[in-house]
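Here are a few friendly notes to read alongside the coordinates.

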Amino acid sequence: MVVILAVVGVPILLSIRESFFKRNDGVDPNTGLVQQGEQFVGLGNYASIFADNATVTGMWGPMDRFWNAFWNTSAITLICIILETVLGVAMAIIMSKAFRGRGIVRAGILVPWAIPTIVSALMWKLIFDEAGIANKILGQQVLWLADNTSSFWAIIIADVWKTAPFIGLLTLAGLQTIPAEVYEAAKVDGASAWQQFTRITLPMIKPSLVVAVLFRTLDTMRMFDLPYGMIGPGKYFVETLSVFAYDEANQTRYGPASAYSIILFLYIMLIAFLFVKFLGADVVGDEEVKAVREAKKRRRKQQKTITSGESAA
């Protein structure tokens, strides 16, 4: 807890503090000197987020730069998670089968996830170059790395390639907990392969699958290194909230940058809460703690029953 407080808690508190201040710019009209330091603006940085700011043209047409980054983040997260979940479950099913060379297949599937993201970004940057292998395969000159719709899909392709194995790995752990006798009984009862998948496999891997999707969702929402390293800064078709906040900080506008970061933090917290609340994502996985809580509830209920009985007597 001390390490978490030092590494996570303190920076968050400093970011919240910084979001209430703004750097002094321009010339002081009283002294004629260049202003320095910073001034307290309260919620001014947050209010300016939802005011009319610089309009940019991105994937969703002309709009405020913050909302463009917000919708980019949301769309990339949604599309990537859907594709990664489908491919990840397929990978897990393949890796769970017994066949010759299974170890090599498992290692090959997990290699993309083991590669550092910035290395993947530079690798895909070469693939999607104007003279890269992607255009040679397609036989067209697609400007994947320009600020256009193609760059948006290039980011999605690279992210799905890299992180679908992560969902596959966690799903494989859930698959290995399903007894083989369950499938044998289903076959005896005449269940088809699709019925076995929808009525046995999916329900029994749901806990691990939901946690895997939750982790990937939170990770994708704060995506920075892939679009920054692959496409670059100032590309509004792929600019995420993390890239936007970094660019603001790089321009020494630390107050607004902190405000954007806090908004992203609250957005991620909201998504995590919805996952836990409605999908039952057990991110802690401590069944013993749950059992203790249930036992305490039963004891309280029994105590209330005994007390009410004694009062009636």
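1. Helices α4 and α7 are oblique to each other, because angles of 65 to 115 degrees count as roughly perpendicular and those over 145 as roughly antiparallel, and these two axes cross at roughly 125°. Please keep in mind that this is a predicted model. The axes of α4 (residues 102-114) and α7 (residues 149-175) come within 6 Å, and α4 passes α7 in a left-handed crossing.

2. Who makes that contact? On the α4 side you will find R106, I109, L110, P112 and W113, and on the α7 side W161, K162, P165, F166, L169 and L172. Sorted by class, the contact has nine nonpolar residues, two charged ones and no polar ones.

3. Now to the charges: the whole structure holds eight salt bridges. One of them joins R216 and E84, at 3.0 Å from N to O. R216 belongs to helix α9 (residues 193-221) and E84 to helix α3 (residues 65-96), so this pair ties together parts that lie 132 residues apart in sequence. Both R216 and E84 are buried.

4. E248 and R253 meet at 3.0 Å (N to O); E248 counts as buried at 7% relative accessibility, whereas R253, at 36%, counts as partly exposed. E18 and R17 meet at 3.4 Å (N to O). E18 has 19% relative accessibility and therefore counts as buried, since the cut-off is under 20%, while R17 counts as partly exposed at 38%.

Definitions and conventions:
Residues are numbered from 1 along each chain as its sequence is written. This is a predicted model: local features need pLDDT of at least 70, side-chain atom pairs count only at pLDDT 80 or more; totals for chains, interfaces and linings use all residues. Side-chain values use heavy atoms; hydrogens and water are left out. Axes are lines fitted to C-alpha atoms, for helices over the stretch in contact, and angles run from 0 to 180 degrees between N-to-C directions. Helices (H or I, at least four residues) and strands (E, at least two) are DSSP runs, numbered from the N terminus. Angles under 35 degrees count as roughly parallel, over 145 as roughly antiparallel, 65 to 115 as roughly perpendicular and the rest as oblique. A crossing is left-handed if the near helix is turned anticlockwise from the far one by less than a right angle, and right-handed if clockwise. Contact means heavy atoms within 4.5 Å. Ala, Val, Leu, Ile, Met, Phe, Trp, Tyr, Cys and Pro count as nonpolar, Asp, Glu, Lys and Arg as charged, and the others, Gly among them, as polar. A salt bridge is a side-chain nitrogen of Lys or Arg within 4 Å of a carboxyl oxygen of Asp or Glu. Buried means under 20% relative accessible area, exposed over 50%, partly exposed in between (1.4 Å probe, protein chains only).
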